[in-house]
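Have the sequence and the 3D view ready, and follow along.

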Amino acid sequence: MERSSMFSRMSPSITNMIRMDHTHVVAAFHQYQVDTPPRVKKGLADNICLALEVHAQLEEEIFYPALREVSPDEFTEKAQPEHDRMRELIAQLRALQSTDPAFDNTLFELMQAVLHHVADEETQLLPKAERLLSGQLSEMGAHMTRRRMQLVGPRTGELAGGMARAMSTGTVLAAAGALAAAGGLLLASRSHPNARGRWVNPAKWGH
């Protein structure tokens, strides 16, 4: 019990963990270009999709319920439909070959959906959670870390395969970032109190 309590106190806050997840996934998005080799496209897309699936489930199980208890609003309520739309696009992407022109279009549509979602969370939901749940954020972060590892454990082979395919000049760090977003491997960087997620202009992506 004492060890668990200490882990909770030392854990990054759930809001900073969410921000860093956003940063890692967007970094992987930013490496994806139309002229990227198909094998690398597939690896980047696989890691992006898995990271988003894990991230969405963690938010739905831990973050959103806690926020709804203290302040239900339109931004909290529309988060679930946005997750559902991302899952639809992920399913479409996985049904396509990376050589299919529709693969690029679907990936770019997923990028835009994620950026819209990230903007809402980082401007509305995360600041609200930091105001209203300030005493619980580290404990929630510890809970998210434990649950993340439970979700990722059965999919380590999938993660490793996507990482291997994404290995090429200029994409190694982005692939590792998406891997971290899925697997929670960068907890030390997430502990920085001023950590903030960043997103990029979709006009710069491979069009």
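H4 supplies four residues, the largest share of the lining of the second largest cavity. Helices here are DSSP runs (H or I, at least four residues), numbered from the N terminus. A cavity is a set of points on a 1 Å grid over the protein atoms alone where a 1.4 Å probe fits but cannot get out, and lining residues have an atom within 4 Å of a point.

This is a predicted model, where local features need pLDDT of at least 70, side-chain atom pairs count only at pLDDT 80 or more, and totals for chains, interfaces and linings use all residues. Residues are numbered from 1 along each chain as its sequence is written, and side-chain values use heavy atoms, leaving out hydrogens and water.

How many cavities of 30 Å³ or more are there? The count comes to two. A volume is the space filled by probe spheres set on the points, with grid points joined across faces, edges and corners.

| Cavity | Volume | Lining residues |
|---|---|---|
| Largest | about 80 Å³ | Asp21, His22, Val25, Val26, Leu52, His55, Met86, Val114, His117, Val118 |

For the second largest cavity, H3 and helix H4 (74-94) each give two or more residues. For the largest cavity, H2 gives the most, with four residues.

Zooming out, the protein has nine helices and zero strands. Buried residues (under 20% relative accessible area, 1.4 Å probe, protein chains only) make up 50% of its 207 residues.

Terms used
On a 1 Å grid over the protein atoms alone, a cavity is a set of points where a 1.4 Å probe fits but cannot get out, and a pocket is an open set with protein on both sides within 12 Å along at least five of seven lines; lining residues have an atom within 4 Å of a point.
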